[in-house]
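This report describes selected features of a protein model. Please look over the sequence and the structure before reading on.

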Amino acid sequence: MRALVHRIRALVHRALTLGRGTALARELDEELAFHRAMLARDLEHTGFSADDARLTARRRTGNSLAIRERCADAWGFPALEDFVRDARFGIRTLGRSPAFVAIAVVAIGIGIGVNAGFFTLVDALVWQPIPVARPERLVKLTTLRARGDNGIQFSYSDVQAIATHARRIQDLVAYVGEPVGLQLGPGASARAASAGVISGSYFPALGGSAQLGMVLTDDDARRGAPPAIVLSDGFWASAFGRSRSVVGTDVILNGVHVAIAGVARADFIGINPLVPDFWIALPAAAALGITPGKLEDPANRFIWLHARLRLGTSMAEAQSELSAIVADPRRAADALTDPARIIGVGLMPNESFLPPTAQAAVAIAPALLLGALVLVIACSNLAILLLARSLARRREMAIRLAIGASRARVVRQLLTESLLVAITGSALGLLMADVAVRVLVRVFFAAIPETLGTVALRIAPSWRVVAYAIALAVVSVFAFGLVPALRTTAVQLQAELKGEDTLFGMRVRRSLFRDMLVAAQVAGCVALLSAAATAVLGIRQFGATDTGLAPARVVTASLGLTADGNVPPATAAARARFAERVRGTPGVEASARAQQPPFTGWPILHVAGAPGEVRGVFYNVVAPGYFDVVGQRIISGRDFTVSDTIGSARVAIVSESAARLLWPGAPPVGQTLRIVSRGDSADAFVRVIGVASAAHNAMIWDNDSNGYVYLPATVRDFTQTAMPVLARGDAGAPDVSRALRDVATQVAPNLPFEVTPLLAERRLQIFPFRYGAAITAAVGALGLAMALVGLYGIVGLAVRQRRRDIAVHVALGAGTRDVLRMVLAREMRLVAIGLAAGVLLALGEARLVANLVLPLPALDVAEFGALAAMLLVVAGIAAFIPARTALRIAPMQVLRQE
Amino acid sequence: MATTGELVPGTLEMLILKTVSLGPLHGYGIAQHIHRLSDEVLTVEEGSLYPALQRILAKGWVAAEWKQTPTKRRARYYRLTAAGRKQLGLESSAFERTMLAITRVLRATET
């Protein structure tokens with residue numbers, strides 16, 4: 001208690017004296033003057049002459065400056081006042097060398113900017129709460145399937161069961177995004193729009209409100225309720241020009257009039273960062289055929305679920321309750337033998353778009369590593385600059401130390417200067433990062449097809465990003481400013497003031513740090529380049545692999561946007577007519593319908609080679625002629641025929657790889673393929689009639705090592721699924737897309753029509769990786785350029801420092817060659833050490849990157865050799881030029897000058 | 001000067017407190033008092049005295065006031081506060097205990 005009172009009193013005293021330094025010093029001076037006068041008077045009494053007494057008194061009281069310094073420790077908050085003084089002094093000093101400041105600020109700015117940029121993205125995905133009301137207890141529901149994988153899709157009956165029985169969660173919200181054909185009025189052309197299909201709880205539970213009209217509620221989500229939609233702000237602006245009279249008017253969805261209930265507020269985004277054009281309730285969407293299949297079918301899973309944990313409920317408790325509800329065998333959604341049946345429900349925190357899990361950390365680690373490497377290089381450049389500057393300032397420091405400043409005090413002063421540079425640099429970095437991230441994200445999301453919705457990822461520099469940047473600045477100052485500061489102040493006063501160089505003794509330690517910087521620059525180069533090259537090469541290889549198809553002139557034409565199982569008969573008939581007409585269109589070489597165009601997300605079928613292990617293979621349902629259109633060969637057996645499809649023949653074609661796995665060593669044609677049933681019905685058995693040549697049909701990142709199975713399209717497939725037309729244009733034909741569009745307009749002017757090159761889908765899949773590679777390459781190039789400049793600077797600096805050394809050698813009779821060899825050998829050795837360290841770093845990186853989705857190749861020997869050669873050349877030139885300059889000067893001149 | 005004794009570290013503040021407990025005194029007076037009372041064994045250097053005064057001023061053990069000296073000069077007088085008196089009591093009893101202990105140890109080695 002007493003100690004506390006003391007401490008408070010001392011604090012108050014300091015606060016009162018804060019900023020009164022000069023007044024206090026004046027009082028102290030007066031006090032000391034009085035002291036001196038009294039002493040002199042007393043000395044006079046003991047027999048000194050007046051002059052002697054004054055002199056002795058002055059001598060006895062000593063250095064009043066030093067006394068004042070020591071007294072000042074008791075005044076104000078010395079650390080704070082020192083800092084302010086240091087900062088002021090630092091600004092003045094730095095103002096005298098604008099070139100140094102500019103280079104240092106830009107270097108640090110780039111280093112911190114790259115990191116802050118990555119961190120802004122991480123922050124937006126991992127830490128920024130998703131923009132809904134009360135995101136803290138929000139969880140995402142996942143399914144655990146019998147075969148051990150996870151899904152996120154639930155059936156409507158699951159949703160109803162959870163809504164009715166679950167007690168440990170609340171605010172259950174359902175969402176699924178679907179594309180749909182939309183007409184703004186009768187007779188208007190149909191366009192593709194994105195629909196957010198939701199439960200009635202969606203808007204109330206997530207805090208969404210209307211800026212116009214009303215939002216959807218449970219009333220709209222009842223069966224048989226009149227269908228109504230709520231427009232998103234963006235769609236309201238683009239399609240209706242923000243007309244306030246839209247509420248109550250109709251749009252036409254799949255040919256049905258639907259009333260506009262309202263417009264959501266501009267800031268409402270919801271569970272998914274892709275904002276749809278409009279929201280519609282689940283039963284209404286199902287009635288309009290927007291959602292796939294039958295809503296009542298308990299095995300028809302397509303709905304995403306989110307909920308809030310009730311207060312006081314743990315994740316595990318809620319999980320076990322939900323698992324019991326969804327996997328209840330009495331509900332009998334799936335056969336017990338179905339490997340895809342749901343056996344449990346998992347919960348994932350969903351406070352942000354990407355929960356801060358170990359997986360997320362692994363996914364972002366390489367980017368952060370790259371950023372860290374750039375920062376290290378930037379900082380080591382700063383250290384080099386500081387070191388160069390410290391040479392010029394050694395005399396200044398020696399003087400300060402000589403007049404009584406403590407070394408700690410001077411080091412603090414130097415660090416304050418570095419900190420000023422770093423803080424300015426991080427401000428610049430934050431600015432650059434903000435601009436760069438905004439631009440990059442906009443460019444990236446511009447590539448997303450609009451039927452998926454509009455991206456609403458908030459990219460705003462939060463306090464976390466700023467704190468991260470400042471922390472990086474402070475850490476980099478201490479990591480890279482401290483050693484130069486210690487070096488600068490570790491001077492031998494006498495020698496320094498006399499202008500002598502401290503050649504021996506000190507020099508050894510100084511150059512150790514310098515040597516480490518050279519090696520670090522080289523190691524950084526290697527690690528950076530290997531990370532960047534690995535990513536870039538990986539992606540180049542990624543897009544360039546032969547697919548085994550000939551997709552160049554093939555386009556996919558889709559007429560009407562329907563959900564499987566809910567195709568209006570008129571649309572089905574129009575599609576059949578369209579396919580028929582395309583076949584005879586001039587400029588079309590070949591065409592066929594198929595459920596899945598190549599390079600899209602093919603579904604998985606569980607099959608076995610009649611006795612044998614069950615495997616999941618990608619499958620497609622195709623019409624005769626499909627293989628010819630996409631450029632795949634039938635290497636044995638035959639293609640499907642019309643009688644296979646119309647007659648629903650129990651036949652299949654398998655890919656080479658599937659055939660090898662299912663019937664190893666046996667001819668596949670004529671074998672029986674068991675298709676493992678998903679429902680209650682018995683397994684189906686089909687006969688293999690042909691083998692298709694190897695091709696990568698699935699999405700670019702899909703692992704298709706189990707191969708593919710192709711089934712003939714049945715009448716049901718033709719009428720109840722979209723079955724787009726794949727058409728290959730003539731080599732000489734001008735534009736097959738235009739021809740197809742004309743046909744579509746003639747056949748069904750009211751149905752939305754889309755035609756895209758087959759390769760567009762693949763390009764879209766490659767795009768994120770290409771984009772990432774481009775950014776990685778740019779960051780890598782930036783870092784590499786900085787590292788090379790830094791390497792050049794530090795090597796040159798070191799050689800210039802050794803001028804005296806060189807002069808001594810020359811004076812003692814060493815030839816030009818000997819000196820150059822000596823100087824170069826030393827630098828080359830450091831580069832070699834750096835290369836070795838860099839290789840170790842690069843190997844560590846490769847292990848990190850290996851955890852990612854993509855198998856990436858490591859930097860190969862030739863490329864590494866090229867890099868090593870480049871580094872050696874740069875270091876060689878940097879060492880050679882100043883060494884030669886030193887050799888040109890007469891040795892005596894150098895020795896005298898120093 | 002060569003004959004003056006070194007102060008045991010940490011005791012200067014206690015000696016100052018003791019000195020001003022006898023009545024308000026300026027810095028020079030404090031130094032003289034300590035010098036005289038110690039039979040000219042202890043000399044307080046100005047370089048130690050004034051920083052020490054500033055320290056105990058900050059701790060609130062003494063209060064300072066500018067006053068006229070009897071010889072009509074302006075001087076800063078230091079006066080013991082209640083907190084300073086308490087501190088002096090604590091320090092001197094702790095010091096006496098330590099001295100006693102040291103003395104005992106020294107005697108033991110003599111016999």
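## Model and terms

Helices (H or I, at least four residues) and strands (E, at least two) are DSSP runs, numbered from the N terminus. By that naming, A:I881 lies in helix 26 of chain A.

This is a predicted model, in which local features need pLDDT of at least 70, side-chain atom pairs count only at pLDDT 80 or more, and totals for chains, interfaces and linings use all residues. Residues are numbered from 1 along each chain as its sequence is written, chains are lettered from A and ligands numbered from 1 in the order in which they are written, and side-chain values use heavy atoms, with hydrogens and water left out.

## A nonpolar surface patch

A:I881 counts as partly exposed because its relative accessibility is 41%; buried means under 20% relative accessible area, exposed over 50%, and partly exposed in between (1.4 Å probe, protein chains only).

A:I881 forms a nonpolar patch on the surface together with A:Y792, A:V873, A:I877 and A:F880. Patches are made of residues with over 30% relative accessible area and no salt bridge; like charges are joined within 9 Å and nonpolar side chains (Val, Leu, Ile, Met, Phe, Trp, Tyr) within 5 Å. The accessible area of the five-membered group is about 420 Å² together, by the Shrake-Rupley method with a 1.4 Å probe; for residues, only the protein chains shown count as cover. Helix 26 (residues 861–888) of chain A gives the largest share of the patch, 4 residues.

## The interface of chains A and B

Contact (heavy atoms within 4.5 Å) involves 24 residues from chain A and 32 residues from chain B. About 2500 Å² is buried between the chains, and carbon and sulfur atoms give 58% of that area. Buried area is the accessible area (1.4 Å probe) that two parts lose on being put together, summed over both. In chain B, the residues losing the most area to chain A are B:Y28, B:E46 and B:Y50, together 27% of what that side buries.

There are 3 salt bridges between the two chains, each a side-chain nitrogen of Lys or Arg within 4 Å of a carboxyl oxygen of Asp or Glu. A salt bridge joins the side chains of B:R76 and A:E31 (2.9 Å, N to O). Helix 3 of chain B gives the most to the side of chain B that touches chain A, with 11 residues.

## A buried threonine

A:T56 sits in helix 3 (residues 50–61) of chain A. A:T56 counts as buried because its relative accessibility is 17%. Leaving aside neighbours within four places in sequence, A:T56 is in contact with A:L43 and A:F48.
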